[in-house]
Amino acid sequence: MSEQVPPTTQTEAEAAAADTDEGAEDAPKGVTTGASSVVRALENTGAEYLFGVQGGAIMPVYDALFHSDLNHVTMAHEQGAAHAADAFGIVSGDPGVCLATSGPGATNLVTGIADASMDSDPMIALTGQVPTDFVGNDAFQETDTTGVTDPITKTNYFAGDEDTVGDVVGEAFAVASEGRQGPTLVDLPKDVTQAETDVEPGEAQTPDTYNPPEEADDDAVEAAADTIAAAEKPVILAGGGVIKGEATDELRAFAREYEIPVITTMPGIGAYPEDDDLSLEVAGMHGTGYANMAITHCDVLVGVGTRFDDRLTGGVDSFAPEADVVHVDIDPAEISKNVHADYPLIGDAGRVIDQLDDELDRRPDPSDRYAEWREQVQAWKTEYPMDYATPDDEPLKPQFVVEVLDEATDDDTVVTTGVGQHQMWAFQFWNYTEPRTWVSSHGLGTMGYGLPAAIGAKLAADDDQSVVCFEGDGSFLMTIQELSVAVRENLDITVAVLNNEYVGMVRQWQDGFFEGRRMASEYSWCPDFAKLAEAFGAQGHTVADYDGVEDAVEAAVEYDGPSVIDFHIDPEENVFPMVPSGGKNGKFALQADHLDQL
Amino acid sequence: MTGGLPGAAPDERPHPDGRRNSQGVRIDPEVEAEPEPRRAVLSATVKHEPGVLAAVSGLFSRRQFNIESLTVGPTEDENRARITLVIEEPDPGVEQAKKQLEKLIPVISVTELDPSASQRELALIKVDGDAPDQVQSVAEMYGGEAVDASQETVTVEITGSRQKINAAVDTFRRFDIREVVRTGTAALERGAEETR
Ligand SMILES: Cc1ncc(C[n+]2csc(CCOP(=O)(O)OP(=O)(O)O)c2C)c(N)n1
């Protein structure tokens, strides 16, 4: 049992009893059932935390956890368990583990699994299942969980044998973390977890059909290096794969050595420090004007660990239209899926960047030739600055709130978000310098992600690392019940609600593209979030003007436990720049009336 | 909408002349260059375990590959099954289909077969039995045979290339076809070359 985190599924008396036979626990008990084999397999992988909710079909596994040192965090909803495990995986780099019972427990995990899948986050889900004899009979709480999750897992397993179930869990864990990461699932029928077995699980390993590539082909590297060396307007586009692949150092060194401007995708935030001159921050739908101008005019684009999502590319016909594309990725299926790669480099991001670097070192230093381009890029930074107006008499601007929170916290603070306008402001106006400090739902865009993700992130983070969660009023309401967990575990999380009394992103699109018909986007009926926070046992604040911001932020950051600040922001504020869906990256709107010109 | 940032309006910004096609390939905007679909025969060896076929067919429907046929059966190795897939896609789509298939963990290997590979399909064609002798002679023209006959119907089996079966089905129309069932394509490389 860890010092910081109190046990959550045991009463104090039980915990005390467990403490007293610590001597007996020194000698590890052998595997006795399928369930204890599952638990042993998890222990072997070095897992620390499990996020889950109890229930009939998963009870044998919970029973086997009773005497384990693994920390189980009981969540209020299985969706919360999946997001918490997902965020744990993003921040720690090791697969987060979530557990649920069969049927509704398993289906409640689905959104979180799909979210992890779209963002290639390492995660493993363990679900209870009805006993094998009942499978297929529409038994109570039966769902075809492997069937339902097949399209949203990297791979999944129906564990039909108590002697091998531990190895299956180990394999699921290994598959989730190796190569291109992603979620895996093991469905555990109750008779299998209850059955007697003394087979100890072996070392967690991937199956022999799974061999992620390491190094890119030498000839391909040489050809790519030739192109980069001959370029005049190169950019690097760093995706989430740079962070997942632990290639941040290699990427930074490479960009600095050749002085190539760096753009990140949203999942790639933190791969390159945004306060560096070479950084153009994020490109795409709500990316910076300068990043989108650079993408549109570059002649070589070195994409690393990105899948060229449509929120990044806009219409592919106008994406980097003049550029030769060098694409580094560990997943061969990402190459030329959305944007054709002229120079495909399949392999581990860090290794391939090193290969490219070695190859470029054999050529004359090209960075002088890029000087004019670097100047152009800096000129675009001046032309399209990320700015907003803060007159005193206007309602509070959300961008200001983000900046104040950034100021009040350290560089290594982890930011999590819901989905909507607040998510965009949270990446636009916060300065990210470190990998694994930005935790958000990109590919799936799941409202309600922020708070449960903050719980997982906090448990994965270092003890002195702060966690700030930005939520919209709509997003917050979707998983607000997880505040009870943050309170129970006394997690030091600051939730900043950017409350515009709308599902603002929808309202922005209605205003921009549906002639202002605000159908079902007014959320003036939201509860008093500060009072609600207090009802849960957290600290609550309400701020409606500029004067109150700093004090509330200070109080919340100081407070050792979860706090919620309900910022009543300008309800009509919109996110700019904006590239309309499927539009041209170089034709972003800087204000509302630009939308008509696109 | 409120808000707004400084900078040149969209129309005042420089714009590049280049363009990509719908597959993301850089093209000369003067000359339209959209790739044409073609017929590709893919062969995959997979672990012989439950759920693999569902995973493969699910993958193809979810990714919207234009699938013509899919057959599956055991191989000489009892732990392996072979799936033959015929798809109709432009080159980038064929490549993508191969790579997505290879990604499935129970898939051992994937190859695209040479167009000259041995490709066979089987059809059972049930026609009106008014003129059994004529049915029999048409069947013989296609190297087929009658496998069932009743007072009212004759059922003929034909094996061969897809084109041959199409032609046979067309010819049998004169006898009033009642039902047709066709397997998908099964294929192996010619000669000693191994179909991996
Ligand atoms: C689960 C889910 N349902 C619906 C949507 C569609 N959606 C995207 S953004 C958005 C509005 C979010 O509103 P809010 O959380 O209040 O944030 P704001 O945009 O106001 O900052 C909606 C409804 C979604 N992304 N996720």
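Here is a short tour of ring pairs, a ring cluster and charges over rings. Keep in mind that this is a predicted model.

**The overall tally.** Counted over all chains, there are 18 aromatic pairs. Start with A:W509 and A:F513: the ring centres are 5.6 Å apart and the planes sit at 75 degrees, over the 60 needed, so this pair is edge-to-face.

**Zoom out to the helix.** Now show chain A as a cartoon and find helix α22, residues 504–513. Both A:W509 and A:F513 lie in it, four residues apart, which is about one turn of the helix.

**Hop to chain B.** Select B:F60 and B:F65, an aromatic pair with 5.3 Å from centre to centre. The planes are 55 degrees apart, and the pair counts as tilted. B:F60 and B:F65 are both buried.

**Back to chain A for a cluster.** Select A:F427, A:W430, A:Y432, A:W438 and A:F470 together and show the side chains. Ring pairs link these five residues into a cluster.

**Last stops: charges over rings.** Pick A:Y502 and look over the face of the ring: A:R507 lies there, 5.3 Å from the ring centre. Then show both chains and select A:F588. What sits over the ring of A:F588? The charged end of B:R13 does, 3.9 Å from the ring's centre.

Note on methods. Residues numbered from 1 in each chain as written. Chains lettered and ligands numbered in written order. Predicted model: local features only at pLDDT ≥ 70, side-chain atom pairs only at ≥ 80, totals over all residues. Heavy atoms only, no water. Phe/Tyr/Trp six-rings, centres within 6.5 Å; stacked < 30°, edge-to-face > 60°. Helix = DSSP H or I, 4+ residues; strand = E, 2+ residues; numbered from the N terminus. Buried < 20%, exposed > 50% of the residue type's maximum accessible area, 1.4 Å probe, protein only. Lys NZ or Arg CZ within 6 Å of the ring centre and 35° of its normal.
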